[in-house]
Amino acid sequence: MPLRSRSLRRLDVGELIRSARLTASLTQAALAAAVGTTQSAVSRWEAGGDVARIDTLAAVLAACGVAADLSFRGHDDVDRAQIREHLALTPQQRLQAQANAARWRQAMRPVTVHG
Amino acid sequence: MTGPRPFDPQRLLRVLGAHGVEHVLIGGLAAALHGSPTTTNDADICPRPTSANFTRLARALVDLDARIRTDGEPEGLTFDRSGTFLASVALLNLVTDAGDLDIAVRPSGTAGYDELVRSAVTYELDETTVLVASLDDIIHSKESADRPRDRAVLPVLRALRDEIS
């Protein structure tokens, strides 16, 4: 699984480390040696018993030859500009917008294609 | 009533207000009043469940020529528009001469009027004043209902909450 595809919300650090290690075809012992720790420490990270610090995580991923991007973004595709436009309206105008939309919906008719 | 009438939320709210119906507006129209750009075809209200209020609501429903909304019957079905009847049902889906109106005594995920009114927001409109369920309560109710149409608007409502806070 590509490391970049993981969402922050579901980020499982232990699984991330395990996935990176397997991607690099390293044993836990080999990875431990590469980052100056013990095999049991790597095992605990992967099992979720201990959570690796962010700088340790970066070192582990580097040892596996990969990097992970950590950035924040909204996890939806909501058009916030549209929300701000509506927030700029008065409640009365927002209500009127609903009535207008209802009239437009009712005025719509299915298009019949001839020929 | 002659065929479906366009949704006229201003008239719906005005008539409810004119009859002194104590209610909290919930659902999509409530979200729209908070600033959601989503559109809706109906109004959802949670009435205060008292005998006197159901009587006022019944009078408003007569004014709105409310009928039971049902598939295959665009005009709706007539029903007993009395306070006694309204007090006996928890949920009503109605068609009125100002569009569709849903009445829920205990909307999904809520304990009803007494709970919703505590965090409701008052909006002054041109012709009436309306109590609107808080955005948090609307989101919670939609999360509880968990229908596809509820799930579809939740990202927008959460983004709206982020924008407001």
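Predicted model: local features only at pLDDT ≥ 70, side-chain atom pairs only at ≥ 80, totals over all residues.
Which residues does Glu46(A) touch, not counting residues up to four places away in sequence?

1. Residues are numbered from 1 along each chain as its sequence is written, chains are lettered from A and ligands numbered from 1 in the order in which they are written, and side-chain values use heavy atoms, with hydrogens and water left out.

2. **Glu46(A).** Back to the opening question: Glu46(A) touches Gly14(A), Glu15(A), Ile17(A), Arg18(A), Arg21(A) and Gln28(A), again leaving aside residues up to four places away in sequence; contact means heavy atoms within 4.5 Å. Glu46(A) lies in helix 3 (residues 39-47) of chain A. Helices (H or I, at least four residues) and strands (E, at least two) are DSSP runs, numbered from the N terminus. With a relative accessible area of 14%, Glu46(A) is buried, where buried means under 20%, exposed over 50% and partly exposed in between (1.4 Å probe, protein chains only). From Glu46(A) to Arg18(A) the C-alpha distance is 5.7 Å, although the two are 28 residues apart in sequence.

3. **Chain A as a whole.** Chain A has six helices and zero strands, and reads α-α-α-α-α-α along its sequence. Of its 115 residues, 27% are buried. Among contacts in chain A between residues at least 6 apart in sequence, 52% join residues at least 24 apart.

4. **Leu22(A) and Cys64(A).** Leu22(A) sits in helix 1 (residues 13-23) of chain A and is partly exposed, at a relative accessible area of 43%. Its C-alpha atom is separated by 8.5 Å from that of Cys64(A), 42 residues apart along the chain. Cys64(A), for its part, is buried, with a relative accessible area of 7%.

5. **The interface.** Here 28 residues of chain B are in contact with 20 residues of chain A. The two chains bury about 2,100 Å² between them, 60% of it on carbon and sulfur atoms; buried area is the accessible area (1.4 Å probe) that two parts lose on being put together, summed over both. Gln10(B), Pro37(B) and Glu163(B) supply 27% of the area that chain B buries against chain A, more than any other three residues.

6. One salt bridge is counted between chain B and chain A, the rule being a side-chain nitrogen of Lys or Arg within 4 Å of a carboxyl oxygen of Asp or Glu. Glu163(B) forms a salt bridge with Arg84(A), and the closest N and O atoms are 3.0 Å apart. On the side of chain B that touches chain A, helix 1 (9-18), helix 2 and helix 7 (148-164) of chain B each supply at least two residues. The largest share, seven residues, comes from helix 7 of chain B.

7. **Helix 2 of chain B.** Helix 2 (residues 27-34) of chain B is mostly covered, with eight of its eight residues buried. Among them are Gly27(B), Leu29(B) and His34(B). Just after this helix, Gly35(B) takes a positive phi of about 120°.

8. **Asp150(B).** This residue belongs to helix 7 of chain B and is buried, at a relative accessible area of 1%. The side chain of Asp150(B) makes a polar contact with the side chain of Arg147(B) (2.6 Å). Not counting residues up to four places away in sequence, Asp150(B) touches Lys142(B) and Ala145(B).

9. **Two backbone angles to look at.** Asp65(B) has a positive phi of about 50° although it is not a glycine. Asp65(B) is in the loop between helix 3 (51-63) and strand 3 (67-70) of chain B, and is buried at 19% relative accessible area. Asp146(B), also not a glycine, has a positive phi near 55°. Asp146(B) is in the loop between helix 6 (135-145) and helix 7 of chain B, and is partly exposed at 40%.

Technical notes. Polar contact = N/O pair within 3.5 Å; in protein donor to acceptor, adjacent residues only side chain to side chain.
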